[in-house]
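Trainee: Please pick one part of this model and take me through it slowly. I'd like the cut-offs spelled out as we go.

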Amino acid sequence: MLSPRVTSPVPLIELESVSKRYGSRTVVQDLSFDVRKGEVVGFLGPNGAGKTTTMRMIAGFTAATAGRVRVAGHDMATEHAAAARRIGYLPERPPLYDTLDVAGYLRFVARVKGVSRAAMPDELDRVAAACRIEPVFRREIYKLSKGYRQRVGLAQALLGAPDVLLLDEPTAGLDPGQIQETREVIRAFGEDHAVLLSTHILPEATLICRRVAIIHHGRLLAIDSPAGLQRAVEETERVTLEVTAPADDLRRALLGVDGVSGVELRPAPGGAGALLADCRIERREGVESAIARAVAGPWNLHRLERQQATLEAIFLRYVHENPEGPPA
Amino acid sequence: MRGTLAVYEKEVATYFRSPIAYFVVAVFLLGTGYFFLYNVFLSGDATMAGTFQSMGILLLTVAPVLSMRLFAGESSAGTLELLMTLPLGPWQVVLGKFLGAVTLLLVITAGTLVDLIPLYLFGKPETTTILAGYLGFVLLGMACLAIGQLCSALTQNQIIAAVLTAAVLLALWFVGHLQNFQAPTSALRDLFAYLSLNLHFVDFIQGLVRTEAVAFYLAICAVALTLNAGYLEWRR
């Protein structure tokens, strides 16, 4: 896994102490992070955490109450039009004109984004191919299935070669095949652009995001690579092994290994007399091989694997550690 | 300019792809046709004066239906988020939409020209008076649509937008009657007369193109559209 600091130094999305209040209600509070060229950043948070509001502030649909949002170096508060030219934005609900056909809709967005008439056919073909919407290109939008609506929305965001893509739950409503294709589009785009992607599907973030930002009650709880978040959450790591051995002897042997701080034993499912041992170990080199040596000599070691916290577990842990209500 | 034109073309395409536009045009032309037949053939009066007066009142019911979707429809469909995040200024959106609605108004106006055929076949109408009447009608329509577009931006609900527009238009149409309650020297009397959509229109129907009346309708458009653009910027 790449370290987040190795990325190109050009920040295309910058948030500096950004807050958004509606009356007395604070939706986003003191949020700071950036997204650099060449990375896909996942934006995770429970419903109502402030993800969509943050996306809208970056896209320029709503203005920040405090702090500064910059896209490609342009301040959203003062240089909206210049910044908007560099952004492709897919809101939570694809913004489609039901009465237009797909081609007419995309042509409208492309014209506003400054695509010339000469370049128009190629540009439309490019996004239609990328999002696989050619079969419905001439169809009225109100006749489209949910999956196609979502992909026409994505095609719209890709028009005009933006530097920054803001995608609010881009794979919602797609079937597994379409999800796969869409992730491929996003991953490829993220190689030389900046992508901020909000999602509920946590494995998706692990699969395509270089970094993940966790937001809750409008505050940023953590931002790091998925591996970095795992390291931060777990002071200790876990190793699971499956061994055929007497329980007491096995426990004694495992606790005797330097670096093992706890052992739980239970019968292995379906294993005739085999045991599953969950060991809590210190996070340092060599502990696993010491365990293997201690066990594989006297007994029959079937399996040994390191358990890693899933992004779900990390996410829930961050959210549960910060259970206070929405900021006043 | 390019952005305004793109929004304009999108608006016109949306109008002509939705059944509402055809319905509204049909209702308006049927209504106008009825009043024309009544005024010309039953009253034997070979002018458009009565027809124009009826067209003005019909416009008060038709303009809210034409303008209600301009912003409320975008809000409820989620497309306002697209318009406001594309590289478009509020004025480009407001003007593009307004010109789109005015195009439909011109189509409706052109539809009523069919009434002139029997008028010229069987009578000797005054062409300049008719031209003045049409100019007044288009200016009145532009003012109604600008007010309707502003009302449409204030709500996400198209029905509320239409009702609000109709209320404002009716108030401005009949505000002239309030002068009867004022003393002849009252300043309010002049104000009520000046604010009336109807009293200015009557001048046009009689063949009078007064700069003051033209300026009145254009000023309503300018104020409503400026408030509209300002509101879009403010709600960001």
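**A sheet and its helices**

Mentor: Start with helix α5 of chain A, residues 146-158, which lies across β6 and β7 of chain A and runs at about 165° to β6(A). Helices (H or I, at least four residues) and strands (E, at least two) are DSSP runs, numbered from the N terminus. The angles go from 0 to 180 degrees between N-to-C directions, with axes fitted to C-alpha atoms, for helices over the stretch in contact. Keep in mind that this is a predicted model: local features need pLDDT of at least 70, side-chain atom pairs count only at pLDDT 80 or more, and totals for chains, interfaces and linings use all residues. Residues are numbered from 1 along each chain as its sequence is written, while chains are lettered from A and ligands numbered from 1 in the order in which they are written.

Now the sheet: six strands of chain A make an open sheet, in the order β6-β7-β8-β3-β9-β10, with mixed pairing. Its edges are β6 (87-90) and β10 (219-224) of chain A; each has a single partner strand, so one side of each has no neighbour in the sheet. Direction ignored, neighbouring strands are turned by 15° against each other on average. Helix α1 of chain A (residues 51-59) packs on this sheet too, touching β3, β6, β7 (164-168), β8 (194-198) and β9 of chain A, and its direction makes about 150° with that of β7(A). Contact here means C-beta atoms, placed from the backbone, within 7 Å.

Over at β10(A), strand β9 of chain A (residues 211-216) runs antiparallel to it, joined by five bridges; two strands pair if DSSP finds at least two. There, H216(A) stands opposite R219(A) of β10(A).

Methods
Two residues are in contact if their C-beta atoms, placed from the backbone, lie within 7 Å.
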